[in-house]
Amino acid sequence: MRQGLVETGRTRPACFNAWNLAVIALLTFAFAIPTGVQAQEKASARYARVKSASTPARAGRNDFDAEIHRLAEGDVVEVVATKGSWAEIRVSGGFAAYCRKSADGKTFVQIKRPGEGLVIVRDLQLRPAPQVNSKTLGQLSANQRLIVLAEEPGGWLKVLAPRQQTLFVPSALLTKGGDQLRLAQTFADRSLSRETQLLASGRQSRRALDERQENKRFETELQSLDAELEKTLRSSASASTFAALRGRYQTLARKAGPNSSLAQSAERQAAFVRERENFARSLGSAEQRINRLESELATGEKRYEKELTEIRTETRTRISSSGRSAKKPSGRFLEHGIGRIYKDYAESLSGKPVFMLTKAGERRYRLVSDRYDLAEYHSKEIAITKWEMIDDRNGSAWPKVFVERIEIIN
């Protein structure tokens with residue numbers, strides 16, 4: 001049990017009370033470190049290159065401290081501080097370390113899913129090797145998440161050390177200065193590739209890496225679908241186009257898995273596309289009905305024009321065959337067609353005015369015309385120069401003349 005306590009924190013002697021704290025504080029104030037010595041601790045982070053091949057990065061500032069990581073010539077490191085002849089650094093991509101998963105029936109780290117762990121105790125020791133007597137690299141806090149590379153025998157976990165974890169190298173093996181922006185970019189690029197290599201090397205983390213890469217592919221596919229959807233929305237797309245997009249979103253949601261945020265995003269997009277699909281289908285049906293009605297209207301108009309033409313032709317034929325004579329007397333003027341136009345008031349009592357052509361008080365013709373307003377020629381002497389005779393008198397004693405041209409005599 002004592003081993004578990006040592007693994008998850010430091011024990012405090014019983015005599016370590018408030019009086020001891022006061023004495024330590026007084027001694028610290030009395031023997032304060034001079035400012036010049038404090039200046040040796042450089043808090044500002046800088047980037048430097050390793051100038052020696054196969055440089056060991058150790059767990060502490062001593063040559064006998066455990067070697068944790070080996071640096072190659074030209075590697076870029078982040079210098080956190082320098083004290084004495086040693087530089088405290090962070091290496092790109094981190095490094096592998098160890099912590100206890102459980103001991104004596106007590107669990108220190110919960111494995112939520114392959115490659116992911118959650119620290120559930122305070123001050124869990126991070127070590128360079130899966131041994132309780134190896135030097136402590138640092139402490140892990142409760143609720144801190146870990147990337148688990150593999151599970152080791154004896155209840156140990158091989159984990160990716162937190163990003164803020166530091167190591168130590170001799171300052172003389174580093175070349176400081178240079179273009180800090182370029183070095184920082186090199187450090188970041190190398191960190192990504194190095195971390196990927198570490199994840200691929202672990203049995204547990206490899207599954208997490210595969211999931212991460214697969215999620216990246218799903219994310220790229222989702223972004224491509226979203227761009228295609230945006231382009232489709234700006235065009236007059238048909239319902240079938242939206243249906244195809246909806247199917248692709250649903251397929252992506254199934255591949256991403258039921259608990260994935262990407263799957264939820266794809267399902268939301270699929271629901272939105274379904275609404276647009278239904279709208280496009282309704283709009284297409286309405287357009288089809290409009291086109292059908294327009295076609296029916298055009299057909300009706302053609303049929304109406306045809307029937308109207310047939311009626312006009314039939315009417316003209318009937319009038320020509322039964323009313324108007326094709327024979328005309330010879331000569332320029334209608335025979336007995338010179339005289340004065342008068343309104344026959346007796347014949348006009350029925351409501352429609354009737355005009356007669358008279359000569360010396362003798363009625364000669366009953367006149368009709370669709371070209372002239374005969375009332376304007378009332379009591380004027382005229383000559384009919386173009387006419388047609390209408391045989392049907394309808395009970396009248398005078399022949400009916402259809403007037404087409406009139407010349408005024410006086």
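## An open sheet

Strands E6 and E14 (residues 156–160) are joined by five bridges and pair in the antiparallel sense, where a strand is a DSSP run of E with at least two residues, numbered from the N terminus, and two strands pair if DSSP finds at least two bridges between them. Within this pairing, Cys99 has Leu157 in E14 as its bridge partner. This is a predicted model, in which local features need pLDDT of at least 70, side-chain atom pairs count only at pLDDT 80 or more, and totals for chains, interfaces and linings use all residues. Residues are numbered from 1 along each chain as its sequence is written, and side-chain values use heavy atoms, with hydrogens and water left out.

Both strands belong to an open sheet of five strands with antiparallel pairing, in the order E6-E14-E13-E10-E9. Its edge strands, E6 (96–100) and E9 (109–113), each pair on one side only.

## Helix H6

Helix H6 covers residues 239–256, 18 residues in total, a helix being a DSSP run of H or I with at least four residues. Its buried residues (under 20% relative accessible area, with exposed meaning over 50% and partly exposed in between, for a 1.4 Å probe and protein chains only) include Phe242, Leu245, Tyr249 and Leu252. Seen down the axis of H6, the buried residues fall within an arc of 140°, so they line one face of the helix; the arc is that of the directions from the helix axis to the C-beta atoms. The face turned away from this buried side carries the exposed residues Ser240 and Arg254. Just after H6, Gly257 takes a positive phi of about 100°.

Conventions:
Expected span 1.5 Å × (residues − 1).
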